[in-house]
Amino acid sequence: MGRSTLVRLAHSDHPIASPLSDARVDDLLRRAVGGRASVLDLGCGDGTWLLRALRQHPGLTAVGVDTSDVGFEQTLAQAADAGVADRLTLVQGDAREYAGDAPFDAVLSVGAAYAFGGLAPTLDAARGHLAADGLLLLGDCFWPAPPTQAVLDGLGGASADEYLDLPGTVDLVTRHGWATVHGHVSTQEEWDDYEWAWTGAPARWAVENPDHPEAREVLAEVEKHRDGWLHGYRGGLGFVTLLLHPGRAAVAGG
Ligand SMILES: C[S@@+](CC[C@H](N)C(=O)[O-])C[C@H]1O[C@@H](n2cnc3c(N)ncnc32)[C@H](O)[C@@H]1O
């Protein structure tokens with residue numbers, strides 16, 4: 001089975017590939033890009049964050065970078081329908097190597113810190129793309145409590161040092177010279193909505209297309225994922241989205 005089939009199906013009911021509600025996404029975007037001219041999304045998924053930003057903020061231009069172009073075509077078609085396609089560029093490539101058009105007024109990186117090797121290198125990469133008075137919207141997982149073996153197993157063999165706890169996450173950001181100007185911790189409802197959508201939409205597709213050559217594998221994959229969630233990390237994995245300004249050191253020194 002092509003991974004792209006599963007990804008496309010998994011996000012069909014929840015295009016934002018992070019545990020955030022639509023209302024919260026709109027609120028975070030308003031805070032991050034409202035009144036700004038340019039935004040870069042590192043690990044943009046199918047570009048849905050940017051499409052929403054462009055619809056709501058007429059003065060904005062947006063660039064998204066992702067190794068996968070799954071969903072790009074659909075998002076660009078939606079952008080054309082909305083009359084914002086001339087302000088949207090989606091680039092298939094490695095966000096660690098993206099070198100275009102700096103500096104941006106805002107950078108998004110939500111759920112993609114793993115691509116950079118963790119939080120600290122993600123902060124460094126974002127700083128390289130950001131204007132001095134820009135804003136970074138950063139979303140990443142954290143441990144709400146020390147992870148049990150079931151949580152680690154549910155995440156496919158994660159290690160306990162993969163994430164920090166919530167205070168440790170914010171402390172790391174602060175140590176790296178960023179001021180936290182807003183934050184949101186995903187609720188259990190947001191997590192559940194995300195996981196039910198992620199697992200439910202492909203399961204529905206599989207049972208409605210039993211003769212499709214990928215149906216059996218899609219169903220097996222999402223049931224394995226759902227087991228890892230329900231028997232493992234449900235309630236044991238947090239997600240925080242922070243709005244960060246790069247200029248803390250100018251105020252606090254260091
Ligand atoms: C959890 S998804 C989040 C997508 C999007 N930010 C969202 O919230 O809807 C993580 C994304 O990071 C992308 N990714 C992983 N490694 C990457 C890399 N080296 N460069 C660019 N994107 C990468 C994946 O393809 C995936 O789309």
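User: Which residues are exposed on the other side of helix H4?
Analyst: This is a predicted model: local features need pLDDT of at least 70, side-chain atom pairs count only at pLDDT 80 or more, and totals for chains, interfaces and linings use all residues. Numbering starts from 1 along each chain as its sequence is written, and side-chain values use heavy atoms, leaving out hydrogens and water. Exposed means over 50% relative accessible area, buried under 20%, and partly exposed in between (1.4 Å probe, protein chains only). On that side of H4, the exposed ones are Glu-73, Gln-74 and Asp-81.

User: Why do the buried residues of H4 line one face of the helix?
Analyst: Helices here are DSSP runs (H or I, at least four residues), and strands are too (E, at least two), numbered from the N terminus. In H4, residues 72-81, the buried ones are Phe-72, Thr-75 and Ala-79. They line one face because, seen down the axis, they fall within an arc (taken from the directions from the helix axis to the C-beta atoms) of 70°.

User: What do those buried residues of H4 pack against?
Analyst: Packing goes by contact, meaning heavy atoms within 4.5 Å. For H4's buried residues, the partners are helix H3 (48-56), strand E2 (61-66) and strand E3 (88-92).

User: In what order do the strands of the 7-strand open sheet run?
Analyst: Two strands pair if DSSP finds at least two bridges between them, and in this sheet the pairing is mixed. The edge strands, E3 and E6 (179-185), each pair on one side only.

User: Which residue in E2 does Val-39 stand opposite?
Analyst: Strand E1 covers residues 38-42 and pairs with E2 in the parallel sense over 5 bridges. Leaving aside neighbours within four places in sequence, Val-39 has contacts including Leu-50, Phe-104 and Leu-108. Its opposite number in E2 is Ala-62.

User: What do the buried residues of helix H1 pack against?
Analyst: In H1, residues 3-10, the buried ones are Thr-5, Leu-6, Leu-9 and Ala-10. They cover an arc of only 120°, so they sit on the same side of H1. Their packing partners are H9 and helix H10 (215-233).
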